[in-house]
Amino acid sequence: MEHKFDSEAVIQEFESLTKDAKRVQLETLKKILKENGEAEYLKKWNLNGKFDPQTYSSCVPLVTHKDLEPYIQKIADGASYPVLTGKPITTITLSSGTTQGKPKFVPFNDELTETTMQIYRTSFAFRNREFPIGNGKALSFIFGSKQFTTKGGLLAGTATTNVYRSAQFKKTMQAMQTPSCSPDEVIFAPDFHQSLYCHLLCGLIFREEIQVISSTFAHSLVHSFRTFELVWSELCSDIRTGVLSAKITVPSVRTAMAKVLAPNPDLADKIQKKCLGLTDWTGLIPEIFPNCKYIYAIMTGSMEPYLKKLRVYAGGVRLLSADYGSSEGWIGANVNPDLPPEMTSFTVLPNIGYFEFLPLTESNEVDSVGPEPIGLTDVQLDEEYEVVVTNVAGLYRYRLGDVVKVIGFHNSTPKLQFVCRRNLMLTINIDKNTEKDLQLSVETAAKLLADEKLEVVDFTSHVDLTTDPAHYVIFWEVSGEASDAVLKECCNCLDKSFVDAGYVSSRKVNAIGPLELRVLRRGTFQKIMDHYVGLGSALSQFKTPRCVGPSNRKVLQILCNNVVKSYVSNTFG
């Protein structure tokens, strides 16, 4: 990676790739199949040296993670022959686990790291053209997860951890003039509470140099600044005395922080005065970090509910949504950073994988027989599809489970908006309510809390099949004590805000029972996050599960054990 980042050269390369996306896709598929032709999985499908899309789609089936699990397990167990890829897989990625309740194993390699860097470089080039930054630092709330070694000796960690540990990541961040203000020891600390505290402390020490505040997801930004509200006084004390809080017990972190922390009473007084001068922490970020140009994280999909709170902290500082990817790899970059997060779209890079799009049918079953997937350049404007990925790390015609909408084209490659996870549905009878439907319902009902100056800290849902008829349960954590009358009204509002025709008709004839709102003890979602981090997820990769199924027993148990109030809707009589 060159020392000086050349935004215009990166943009030119992107324009060239997207002008002839069909040809680039054919070349990308050919390259992937050629390089991995000796792998056990591809040999099984008898491609006979043919690399064209027609042969590929007729010979190799669509798969889900469940289909590839035995192959990935062989790799993790140390198979000495090519299983999914020609070159050996040396690292395993752990998904966050918030969708299914436990992390999945996904193959990871250097080629996947390089596609990640390409996405980072591309979106940064467009961001830097719109919002140029000087040579400064980033307050990056990034966290390494616990890593462990598989039976076969492979290192396993979250996708973000695998990327942050790579030499390519550091070189790219340096070239993009946004190195993290925190030492590596803070990023990879074994205790994320201590890591977060030190990230905040480093941010304050280098407050004048901070040009970007970022994390993987909007959730971890909100969590970080909620934590700041609680610990700012202690942080000021550390800066005033030059002595790190005794609650930081990891020796490597204490040693690293000793190199950046020195007594600075003037800075401590300045920060203290600013914090005391804020009303409800509105405008915290520009007040404390005066040279911050923008705030950057994934802000779409399940992250949208956190934008309201993030805007309170941000004051007038711009929120820019990051790119579209998953533990399985990247799909597209945000090349229109001037748009608000709610309008963000992602332009598919045609050389980072081979992409197919499965038209949506009425059936929601993953193994249902439906129309055949179509190619990247064959998608239709305003249509919704499920994304199918063939990547450089051994996933072939892999159903990602994400539903996207085509909202336009950049040259010949589509611009996608994330709609929802296909398998995250509230459904009992003929009703079908997506994550987005749940989010809209919660947003509508939460407006009733505003008069009491309260907000919904976080939420999730569950379908309770133990009652007859079955019913929806919505779990809320609220920022303070709300009156019973208001919460009862919120419950009714939630019920009537699900406008899906199947839900409304089922409620009217009592085929679905009255919706139940369960209010949780403060700190319940922190317990859920602690649970996932304990399973190996990283704080920056954590996403609150929006629908908790019966198989996710531990999270359901945490929720049910922390209910303080419960309300039943009488919206439909």
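Entry 1: I began with Asp20, Arg23 and Glu27, which are joined in a network of salt bridges. My criterion for a salt bridge is a side-chain nitrogen of Lys or Arg within 4 Å of a carboxyl oxygen of Asp or Glu. Counted by this rule, I get 25 salt bridges.

**Ground rules.** I am working on a predicted model, where local features need pLDDT of at least 70, side-chain atom pairs count only at pLDDT 80 or more, and totals for chains, interfaces and linings use all residues. Residues are numbered from 1 along each chain as its sequence is written, and side-chain values use heavy atoms, with hydrogens and water left out.

**Entry 2: Arg226 and Glu455.** I looked up this salt bridge next and found 3.6 Å from N to O. The pair ties together distant parts of the chain, 229 residues apart: Arg226 belongs to helix α11 (residues 218-241), while Glu455 sits in the loop between α16 (435-446) and β19. Helices and strands here are DSSP runs (H or I, at least four residues, for helices; E, at least two, for strands), numbered from the N terminus. For accessibility I use relative accessible area with a 1.4 Å probe and protein chains only: buried is under 20%, exposed is over 50%, and partly exposed is in between. Arg226 is partly exposed at 21%, and Glu455 is partly exposed at 24%.

**Entry 3: Arg240 and Asp269.** The side chains of Arg240 and Asp269 form a salt bridge at 2.7 Å, N to O. I traced Arg240 to helix α11 and Asp269 to helix α13 (residues 265-276), 29 residues apart. Arg240 is partly exposed at 30%, and Asp269 is partly exposed at 40%.

**Entry 4: Arg507 and Asp495.** I read 2.7 Å, N to O, for the salt bridge between these side chains. Arg507 is in helix α18 (residues 501-508) and Asp495 in helix α17 (residues 484-497), twelve residues apart. Arg507 is buried, with a relative accessible area of 4%, and Asp495 is buried at 0%.

**Entry 5: His462.** I finished in strand β19 (residues 456-464), where His462 lies. What does His462 touch, leaving out residues up to four places away in sequence? I listed Leu426, His471, Tyr472, Val473, Phe475, Val548 and Leu556, with contact meaning heavy atoms within 4.5 Å. A polar atom of the His462 side chain is 2.8 Å from the backbone oxygen of Val548. His462 is buried, with a relative accessible area of 10%.

Notes. Polar contact = N/O pair within 3.5 Å; in protein donor to acceptor, adjacent residues only side chain to side chain.
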